[in-house]
Amino acid sequence: MKALGDIVRENIKELQAYSCARAEFEGTDVALLDANENPFASEYNRYPDPFQRELKREIGRLKGVEVSRLVLGNGSDELIDMLIRTVCTPRRDNIIVFSPGYSMYEVCGQVNDVEVRCLELDEEFQPGWNTLFDSVDQFTKIIFFCTPNNPVGNVVPLERIREVALRFDGIVVVDEAYIDFTDMPSAVTLQKACRNVVVLQTLSKAWGLAGLRVGICVADPELVIYLNKVKPPYNIGSLTQRRALDVLRNEADFLKKVEAIKRERKRVIEVLRDLPWLEVVCDSEANFVLIRCERFRELYDYLVEGDIVVRVRHIPPRLSCGLRITIGTREENDLLIKRLKKFGDL
Ligand SMILES: *Cc1c(COP(=O)(O)O)cnc(C)c1O
């Protein structure tokens, strides 16, 4: 493990961050003539808090994490891009991703002109632990793990991730977009021993706020300082900060919905396992289930005709003929099940 300061790009380390006019002020009774805002009071005439302090306090409390370890993004997609820009020098460095997996890592790598080394998951949809470091060189800056995995739904053992982080001279990003649907502990628990582990979570899935765009990054405080230099100062609007806070303060409602989705997941998987013409790839620990069937294109069209949209995940060689189906409401799932059974009878 290298010192974090030696992983970060030199120009970012030296960068003087854009300083917001009002970083030290929290809405008191003064004349705010520093930011060229419109003085006529409305709900949104002022710029939002660039460090989202109130929202971070609530997130920190919920997750048991110090505020100094948090960076919030306009969705975790923005954080993926920020991480790559903070540590990878374009046209020199590279990142490692796994397939099948979430495709944004690769897209962000390409946008930033950073080489993407894509490794196949094994038959159990796990990273090849014994061969992973064959693909690592001195310019490898980030390894992305996604657990629970999208689109498979299985989890990666934290112990393995820990071993990689201890041996690796770059950043290990653990994308936990679906963590609330599993009992697996968060990789945040690795951060004491491994300062190079960065955890991504989001309010888009279990918290039901995909339209708001709030992503959460938990990282070492030193890395947070560098990330904040790269972060656009006002990346999360005040309306979003306000609404997110309201929702986070109603944890009971969140827990109820997550439990309902987990119950439905169990029911849907049981029904699907009884259909001999399709394969349920694994007991998903996320809010979707991945199935495989030879006639997947036909099945996709048939579902669309029945007003059901699912996601085709045909990603050979490891994952061919896949469809990823999100767990919906009880009614939506009933509709899906009915339609699937009918397809089997055709
Ligand atoms: C949905 C998803 C995200 C995106 O989250 P946003 O916060 O909505 O940008 C990130 N990672 C994975 C694996 C996802 O499935």
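**Ground rules.** I number residues from 1 along each chain as its sequence is written. Because the model is predicted, local features need pLDDT of at least 70 and side-chain atom pairs count only at pLDDT 80 or more, while totals for chains, interfaces and linings use all residues; side-chain values use heavy atoms, with hydrogens and water left out.

Entry 1: I looked up the annotations before the atoms. An unreviewed UniProt entry lists residues 41-340 as "domain: Aminotransferase class I/classII large". UniProt positions are given in the numbering used here, feature names are shortened, and annotations may be inferred rather than shown by experiment. I computed 55 Å between the end C-alpha atoms of residues 41-340, and the span is 35% helix and 19% strand. Helices (H or I, at least four residues) and strands (E, at least two) are DSSP runs, numbered from the N terminus. The unreviewed entry also lists Lys205, under "modified residue: N6-(pyridoxal phosphate)lysine".

**Entry 2: Lys205.** I found Lys205 in the loop between S6 and strand S7 (215-218). Is Lys205 partly exposed or buried? Lys205 counts as partly exposed because its relative accessibility is 28%; buried means under 20% relative accessible area, exposed over 50%, and partly exposed in between (1.4 Å probe, protein chains only). Setting aside neighbours within four places in sequence, I list Ala177, Tyr178 and Phe181 as the contacts of Lys205, where contact means heavy atoms within 4.5 Å. The side chains of Lys205 and Tyr178 also make a polar contact of 3.2 Å. A polar contact is a pair of N or O atoms within 3.5 Å; within protein, one must be able to donate a hydrogen and the other to accept it, and residues adjacent in sequence count only if both atoms are side-chain atoms.

**Entry 3: the ligand.** Which residues are closest to the ligand? I get Asp175, Tyr178, Thr202, Ser204 and Lys205 as the closest of the 13 residues that surround the ligand, a residue being near if one of its heavy atoms lies within 4 Å. By class, this shell has four nonpolar, five polar and four charged residues. Here Ala, Val, Leu, Ile, Met, Phe, Trp, Tyr, Cys and Pro count as nonpolar, Asp, Glu, Lys and Arg as charged, and the others, Gly among them, as polar.

I then went through polar pairs to the ligand. A polar side-chain atom of Asp175 is 2.6 Å from a ligand nitrogen. The side chain of Asn150 has an N or O atom 2.9 Å from a ligand oxygen. For Ser204, a polar side-chain atom lies 2.6 Å from an oxygen atom of the ligand. On its own the ligand has 390 Å² of accessible area, and the protein covers 94% of that (Shrake-Rupley method, 1.4 Å probe; for residues, only the protein chains shown count as cover).

**Entry 4: cis peptides.** The bond joining Thr147 and Pro148 is cis, with omega about -5°. Pro151 lies in the loop between S4 and H6 as well, and the bond from Asn150 to Pro151 is cis with omega near 20°.

Entry 5: Ile142 sits in strand S4 (residues 140-146) and is buried, as its relative accessible area is 0%. Beyond four places in sequence, I see Ile142 in contact with residues including Leu83, Val87, Ile96, Phe168 and Val173. Ile7 is 135 residues away along the chain from Ile142, yet their C-alpha atoms are separated by 9.6 Å.

Gln191 is in the loop between strand S5 (171-175) and strand S6 (197-202). Gln191 counts as buried because its relative accessibility is 5%. A polar atom of the Gln191 side chain lies 2.8 Å from the backbone oxygen of Val218. Among the other residues that Gln191 touches are Arg69, Val198 and Ala219.

Entry 6: I noted Asp220 capping the N-terminal end of H7, with a side-chain oxygen 2.9 Å from the backbone nitrogen of Glu222. In H7 (residues 221-230), the buried residues are Leu223, Val224, Tyr226, Leu227, Lys229 and Val230.

Arg91 has phi near 65° and is exposed, at 73% relative accessible area. Phe125 has phi of about 60° and counts as buried at 9%.
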